[in-house]
Amino acid sequence: MKKKYDKLVKNAAGRMVPTIINGEEHIPFKGVGKHRPSGRRYGPKIATCADYPEDGNKQIKSLKDALIKAGLRDGITISTHHHFRNGDIIANQIFDIAHELGVKNLRWFPSASFPCQEHLIKYLEDGTINRIEGSMNGPLGKFASEGKMQGLGVLRSHGGRYQAIQDGEVKIDIAIIAAPTADPFGNANGVNGEAACGLLGFALGDSQYAEKVIVVTDNIVPFPCIPWQIHGNYVDYVVKVDKVGLAEKIVSGTTRITKSPDRLLIAEMTAEFCEKAGLIYDGFSYQAGAGGTALSIGNYFGDILRKNNWKARFIRAGSNQYPVELLEEGLVEYILDGQTFDLEGVRSMRENPNHVDTSPFTSYNYHSKGNFASMVDIVVLGATEVDVNFNANVVTHSDGYLLHGIGGWQNCLAAKTTIMPIPLFRDRIPVIRDEVTTLCALGEMIDVVVTERGIAINPLRKDLIEKTKDSGLPIKTIHELKVEAEAICGVPEKVELDDEIIAVIKWVDGTVIDSVRKVIV
Amino acid sequence: MEKLGIAGNHGNDVKSDCRSQFELAKEGGLQIELTSRVKAFYGNSIIKLANEMLSFFDIKNAKLTIEDSGAVEFVLAARIEASIKKVIETEKEFILPILIENQNSSKKDQFRFSRLYLPGNSPKLMINAGIHKPNGLILDLEDAVAPVKKFEARFLVRNALRSLNFYGVERMVRINQIPLGLNDLDFLIPHYANLILVPKCESADCLHQVNIKINELKKQFGINNDVWLMPIIESAKGVMNAYEIVNAADNVAAVAIGLEDYTADIGTRRTAAGNESFFARSMVVTAAKAAGIQAIDSVFSDVSDMEALAINVRASKGLGFDGMGCIHPRQIAVIHENFAPEEAEIEKAKKIVLAFRDANDKGLGVVSLGTKMIDAPVVKRAQNTITLAINTGKLSKDWINNPND
């Protein structure tokens, strides 16, 4: 049995990280932009048309048969995508089959996991699955945090996942791509079908680099499946199932903007800050998530654009009805969409050529000849904790539990201005700490923290400090905000964590930025 | 007295609150059981507070169970004290230190465009209320608190007056209807409440009773701050006695109208047009203006319809009201925006105030604008408009140096 981890060193961020992870060597974080990759991109074996049917029909009668044909065996890596979010049913089926066949020690490499995959805990317990390399949310995060996973978890950003695949750091043996619509050749898309989820960008790298690729769908159309977001030329087998996902849990019928007056206040302050700091102009771009606060910030941005008769050149999104409204009103020229959250988003992507599907390759991959993330003017991100040096945590709660994935968060930090609108405390727990529990990003990449009680600007952003000094906005230092929170909540007691490491956090360049410790139950 | 004292709330949906359960025992010393979402961060400090309080009330043998959902210290203390006092009788009060900023007085004529109602037993809504910057925050002990919760709400409101940061907003409390409400004052006056709302007020006598109790408490606790009254007129009888009510005492700073009860009292219901309350509203406004105090309109209850609220506010301002109650923080900005003077009003007021200054500079007794003579009341109204415009951010403070900006 390989050691979970070994050879801890202090990395450039001052955090202790292992250099041997699940038996393989990894590089400690060296600083932002400091690590230079060498070598060539990874490539799967060369295929030949001689091995594939000339009529293009790659259909196999069941997922089990396809997995056996693809070489399901002990110790391999299986990847899935998370475009179906909490409506995914295929990941659970894959490991049911593996368990039935007595296969052990698998590495599951999802682009994210969801509470619906709590089912897999029993396979983590019985050794069918050795470890998850991907986000661990909810019950899976709790399981891992309590030190129960056999292997060491590895968390990567969306861009970091593409980088790891491309660089050959993670070699996928079998990629399973659940698709709302596909043809028998394996061309697939997310815009049509019962399980429509918009796009399949998170599976792009998997399709390009895995040894074997299986497309699973409940909606087979005759060749050609247009648009072909996934190219059948990468695909080995196609499986038709009765149901590929639970539509009502994949996208929501409607998206609602927050009604919380406190969050709306934070959203309003964020938009006002951006306006007064001169960050919004004709032709600007922004990225905001699909959370309630982020959505209302987008709406306030829309008001500012309308008032000035300006247009945004593009929005980077997880899209839903609100950005779509801005696009259709003509306030935004393009939506560059990474994942679609509601039916309006899916409809728009299907019908509007200016609503464009993107992938972690185009948006986020750091080992590339540039990517979109660094061209964005304003990105709005959340965090579980920010420390007095603006370092931020997005994966663990202050009690040490791993409860969120990184998503595109680390990648988005490359934007020209990164703003974190966050409440000063949640449920009595202050968000601004002396030191973050888990380091996911260095403070040098985080420019502004907006709370309901004041706005802190990173001292490195002298330009923003200068532009907003007479704005009438409640600009405070991050220390002042911390003291203010503690005056209301009390100073929190220090949480003790075990020395044992249960997961590591990768930076966008594949180096290890921090370790996640086991919680003491 | 009860055998088991329970105060506060607990459950999956409850935040920023806790439930405290207190039971005396014959022996076995003190047992404290704590479950808390924030135990990792505040477990020790909560246990410490509980021990301190039990010892303060001289309790030797008892079981105290605290189920906490992230309550801050003043909430925990209020819940624990209420649960103890349901079981034992004592004169002692567990008083937390008071924030310096919670000891200031307010002014009789300060702006009261908006006053936000907060249920007196809901700590979750209190913590962030001040950041929305209403002119006043009302901790409501009356209609927003269920009868069985009235006892514990008083402790929470008392502690909030001392420990909750109001961010400079006027600290108001709506007491229960007199005579019950007189007992509420014990929890308010020693803790620097700025203004007391007296509901269902129908006579000057009602306010006299309140003032007698206030003055007793002020004397007893050495409080020198002003305590203003805002009677709420909510009945036909109250409307007919409006003039008597507003003149009941010098510390009556404003009078409010409550239309839900009033319309029920006259046997009708509220409509959007509001014809049914036109007389009552005008009566209250006229009485207030005759006494030189502020007239405050009833709340607008559809919190999702900001356009209807804006129309309502403009109608209210048109009738002569100086402010309005609100029940949701998002209503505050709409109320301020629409009570604030309009551009044309401000421009006219600026001209009048400048003309007045010129006349004074030249030692002229008569102010004129163009060929028109300006009367003193007009100048006063213009000065009020300017103050309002400055306070609502519509005019710069030093506008007089740059009058053409």
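Two residues are taken to be in contact if their C-beta atoms, placed from the backbone, lie within 7 Å. This is a predicted model, in which local features need pLDDT of at least 70 and side-chain atom pairs count only at pLDDT 80 or more, whereas totals for chains, interfaces and linings use all residues. Residues are numbered from 1 along each chain as its sequence is written, and chains are lettered from A and ligands numbered from 1 in the order in which they are written.

View 1. With bounds that come from an automatic or database domain assignment, chain A is divided into domain 1 (57-133 + 170-250) and domain 2 (261-496). Their C-alpha centres lie 32 Å apart, and the contact joins 12 residues of domain 1 of chain A to 15 residues of domain 2 of chain A. The side contributed by domain 1 of chain A has 7 nonpolar, 5 polar and no charged residues, where Ala, Val, Leu, Ile, Met, Phe, Trp, Tyr, Cys and Pro count as nonpolar, Asp, Glu, Lys and Arg as charged, and the others, Gly among them, as polar.

**View 2. The open sheet of 9 strands in chain A.** Helices (H or I, at least four residues) and strands (E, at least two) are DSSP runs numbered from the N terminus, and two strands pair if DSSP finds at least two bridges between them. The strand order is β17-β16-β15-β14-β18-β21-β25-β26-β27, with mixed pairing, and the edge strands, each pairing on one side only, are β17 (355-357) and β27 (475-476) of chain A. Within this sheet, β14 (residues 285-288) and β18 (residues 378-380) of chain A pair in the parallel sense over 3 bridges, with Q287(A) standing opposite V379(A) of β18(A).

**View 3. The open sheet of 4 strands in chain B.** The order here is β1-β2-β4-β3, with mixed pairing, and β1 and β3 (30-36) of chain B are the edge strands; the twist averages 10° from one strand to the next. Strand β1(B) runs antiparallel to β2 (residues 18-24) of chain B, to which 5 bridges join it, and A7(B) stands opposite S20(B) in β2(B). Helix α1 (residues 39-56) of chain B packs on this sheet by touching β3 and β4 (62-68), and its direction makes about 150° with that of β3(B).

**View 4. The contact between domain 1 and domain 2 of chain B.** The domain assignment of chain B gives domain 1 (4-85), domain 2 (105-339) and domain 3 (343-401). The C-alpha centres of domain 1 and domain 2 of chain B lie 33 Å apart, and their contact takes 14 residues from domain 1 and 11 residues from domain 2. On the side of domain 1 of chain B, β1 (4-8) and α2 (73-85) each supply at least two residues, and α2(B) gives the largest share, 7 residues. That side divides into 8 nonpolar, 2 polar and 4 charged residues.

How values were computed: Axes fitted to C-alpha atoms, helices over the stretch in contact; angles between N-to-C directions.
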